[in-house]
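Please look over the sequence and the model shown below.

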Amino acid sequence: MQFIDSNLDPWQSLGSEDAPVPNALLDLAQWQALRAEWPDDLPVGLKLANDADVEDIVADLPRFALIALHFPKWVDGRAYSQAHLLRARYRFAGEVRATGEVLVDMLPLLQRSGFDAVALRADQSVDAAKRALGFFPAYYQGDVIVTEPRFGRAAA
């Protein structure tokens, strides 16, 4: 899991008047307005609200290097489903980042559902988050990393 420091993050939001630049992070409306003229060789990221339908962006997935999924509240888990769809159904290989109200307690499930980067809420500790990722060495159920359930895996 990659922990994002907002001060060092190369991905930056694009203003409404700005021209395409590398590592621009666009919201869905910006992307829809700029997609026809966005250069294919210019890395672009998408900020996707947790109430947006992942299926609406499937055709454009190969163009995105990053998809940032937003948690407006830590109790709103729709972004977990979005991440799972991106990884398991659509085989998105780029970065899937959790943003917003991201707490340390969420890290194990974030990882299991397909997130590989997080921007923790400002009051959360990266050290505590790293420890949280080690709480459970194995899971009975499958996930996006290891799809088979524990009983279906070959003996080690």
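Which residues form one aromatic cluster? They are W31, W38 and F64. Two rings of Phe, Tyr or Trp (for Trp the six-membered ring) are taken as a pair if their centres lie within 6.5 Å; planes under 30 degrees apart count as stacked, over 60 as edge-to-face and the rest as tilted.

This is a predicted model, in which local features need pLDDT of at least 70 and side-chain atom pairs count only at pLDDT 80 or more, while totals for chains, interfaces and linings use all residues. Residues are numbered from 1 along each chain as its sequence is written, and side-chain values use heavy atoms, with hydrogens and water left out.

The overall fold comes next. The protein chain has 4 helices and 7 strands, which follow the pattern β-β-β-α-β-β-α-β-α-β-α along the sequence. Helices (H or I, at least four residues) and strands (E, at least two) are DSSP runs, numbered from the N terminus. Of the 156 residues of the chain, 40% count as buried. Here buried means under 20% relative accessible area, exposed means over 50%, and partly exposed lies in between, with a 1.4 Å probe and protein chains only.

Two strands are said to pair if DSSP finds at least two bridges between them. Strand 4 pairs with strand 3 (residues 24-27) in the parallel sense, over 4 bridges, and A24 stands opposite V44 of strand 4. Strand 4 also runs parallel to strand 5 (residues 64-71), to which 5 bridges join it. In that pairing, L48 stands opposite L69 of strand 5. In a regular strand the side chains alternate between the two faces of the sheet.

Helix 1 (residues 28-34) belongs with strand 3 and strand 4 in a right-handed β-α-β unit. A crossover is right-handed if, with the strands pointing away from the viewer, the path from the first strand over the helix to the second runs clockwise.

Back to the aromatic side chains. A pair of aromatic rings is described by the distance of the centres and the angle of the planes. The model has 4 aromatic pairs by the rule given above. In one of them, F71 and F115, the ring centres are 5.8 Å apart and the planes stand at 45°, so the pair is tilted. F71 lies in strand 5 and F115 in the loop between helix 3 (107-113) and strand 7 (117-118), so the pair ties together parts that are 44 residues apart in sequence. Both residues are buried: F71 has a relative accessible area of 0%, and F115 has one of 3%.

Now the open space. On a 1 Å grid over the protein atoms alone, a pocket is an open set of points with protein on both sides within 12 Å along at least five of seven lines, and lining residues have an atom within 4 Å of a point. Grid points are joined across faces, edges and corners, and a volume is the space filled by probe spheres set on the points.

The largest pocket holds about 310 Å³ of space. Its lining has 15 residues, and S6, D9, R97, T99 and A119 lie nearest its centre. Strand 2 (12-13), strand 5 and strand 6 (95-100) each supply at least two residues of this lining. By class the lining has 6 nonpolar, 5 polar and 4 charged residues, where Ala, Val, Leu, Ile, Met, Phe, Trp, Tyr, Cys and Pro count as nonpolar, Asp, Glu, Lys and Arg as charged, and the others, Gly among them, as polar.

The second largest pocket holds about 220 Å³. It is lined by 13 residues, with R87, Q111, G114, V144 and I145 nearest its centre. Helix 2 (residues 78-89) gives the most to this lining, with 3 residues.

Some single residues remain. N23, in the loop between strand 2 and strand 3, has a positive phi near 60° although the residue is not glycine; N23 is partly exposed, at 24% relative accessible area. R91, in the loop between helix 2 and strand 6, likewise has a positive phi, near 55°, and R91 is exposed, at 62%.

Definitions and conventions: On a 1 Å grid over the protein atoms alone, a cavity is a set of points where a 1.4 Å probe fits but cannot get out, and a pocket is an open set with protein on both sides within 12 Å along at least five of seven lines; lining residues have an atom within 4 Å of a point.
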